[in-house]
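Dear colleague,

Please find the structure below, handed over for your own work. My notes on what was found in it follow directly after.

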Amino acid sequence: MKKTLVFLLIVLFFATTASASMKIKLAVVTKPGSAQNIVADKFKELIEARSQGEITVKVFHSASLGNETEILQQIQMGTVEMGIITAGPFDTFDPIVRVVNYPFLFKDNDQADLILDGPLGQEILKSLETSGFKGLHFSENGFRNLTNSKKAVKTPDDIKGLKIRVMASALHKTIWQTLGANPTPMPWPIYTELEQSVIDGQENPLWVMEVYKFYEIQKYMTMTRHVYSSHIDVAGLKWWNALSDDNRALIAGAIKDAAIFQRTDNRAKNAGRMALLGKKGMIIEQHPDVTAFRARVADLKNMDLYSDPRVNALLIKMIEATR
Ligand code: EAX
């Protein structure tokens, strides 16, 4: 009798600890060493330590759960709990992200941090709840720059006719159309398409050219810095709402620290990357005619892309705040 009781107690003990522990599936489209993966891996390390192993994270990387659009669908449905996703592809789920991706919006990293970590950033994250997402924090891809295999680009006129791959985002497509390119939406990764000249060029932050070895297949880079590309560190809203307050606080704290760690890390590496890409033979235009690029896209705010009143109101506030 006593033995049975002890046995039952042991079973009960393991049953309760098992149900208290939680596994999080977190997806990124990129491979190890990428900006998204640095956030993901740091988050895993922090949350597992701080929860004393009660919360564990499995990072699905290299598009093993699909491209960024497909990952977002799975997060919405609740089959994947979290993701570190480039703001661009959120566009088809909620046009509010067009406010963050507005061309030539942020002057520098400090301004981006100040605004995205402040009330306006909070408003954007909060807004994603309408489409079933809990936006937790902003980490970064970084300022995006143009590369191509055809010619040196200094002014928008040089872009005419270039076939440029863009993310799944109506805004990004319009930016490149307006600049005179021939934009082709395509999910990540795109090495093969560049190698086989299905596309002439692409645009991404410096780390991408290094980690994905684009210096092997893209001769020219132009420091356009046309869009500050953030990631949204995101969870499914339904899953999030079902968590205990304690777990929500732990996860929010760990993702915030991971995001800030990654932004600092990314920026610290940029000078070294620039040197490396030059050494690898890329021809880098450091001073393109940014004024001309800006002028070409200046009218975007009056386009249909921003006609939704919720998006429009926030864009106006954002432009005001970054002036
Ligand atoms: O980081 O699809 C893209 O261009 C993104 O920037 C991608 O996540 C690479």
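The largest nonpolar core has 73 residues, of which Phe-90, Phe-106, Trp-176, Phe-214, Ile-232 and Met-318 touch the most other members. A nonpolar core is a set of buried Ala, Val, Leu, Ile, Met, Phe, Trp, Tyr and Cys residues joined through side-chain atoms within 4.5 Å; buried means under 20% relative accessible area, exposed over 50%, and partly exposed in between (1.4 Å probe, protein chains only). Helix H13 (residues 309-322) supplies the largest share of this core, 5 residues. Helices (H or I, at least four residues) and strands (E, at least two) are DSSP runs, numbered from the N terminus. A second, separate core of 23 residues includes Leu-26, Val-28, Ile-47 and Val-57.

The model is predicted: local features need pLDDT of at least 70, side-chain atom pairs count only at pLDDT 80 or more, and totals for chains, interfaces and linings use all residues. Residues are numbered from 1 along each chain as its sequence is written, and side-chain values use heavy atoms, with hydrogens and water left out.

Leaving aside residues up to four places away in sequence, the contacts of Trp-176 include Leu-146, Ile-159, Pro-183, Glu-203 and His-226 (contact means heavy atoms within 4.5 Å).

Strand E3 (residues 82-86) is largely enclosed by the rest of the structure, because 5 of its 5 residues are buried. Met-82, Ile-84 and Thr-86 point one way from E3, and Gly-83 and Ile-85 the other way. Strand E1 (residues 22-27) runs parallel to E3, joined by 2 bridges; strands pair if DSSP finds at least two bridges between them. Ala-27 has Gly-83 of E3 as its bridge partner. Strand E10 (residues 228-236) pairs with E3 in the antiparallel sense over 5 bridges, and Ala-235 in E10 is the bridge partner of Met-82.

With kind regards
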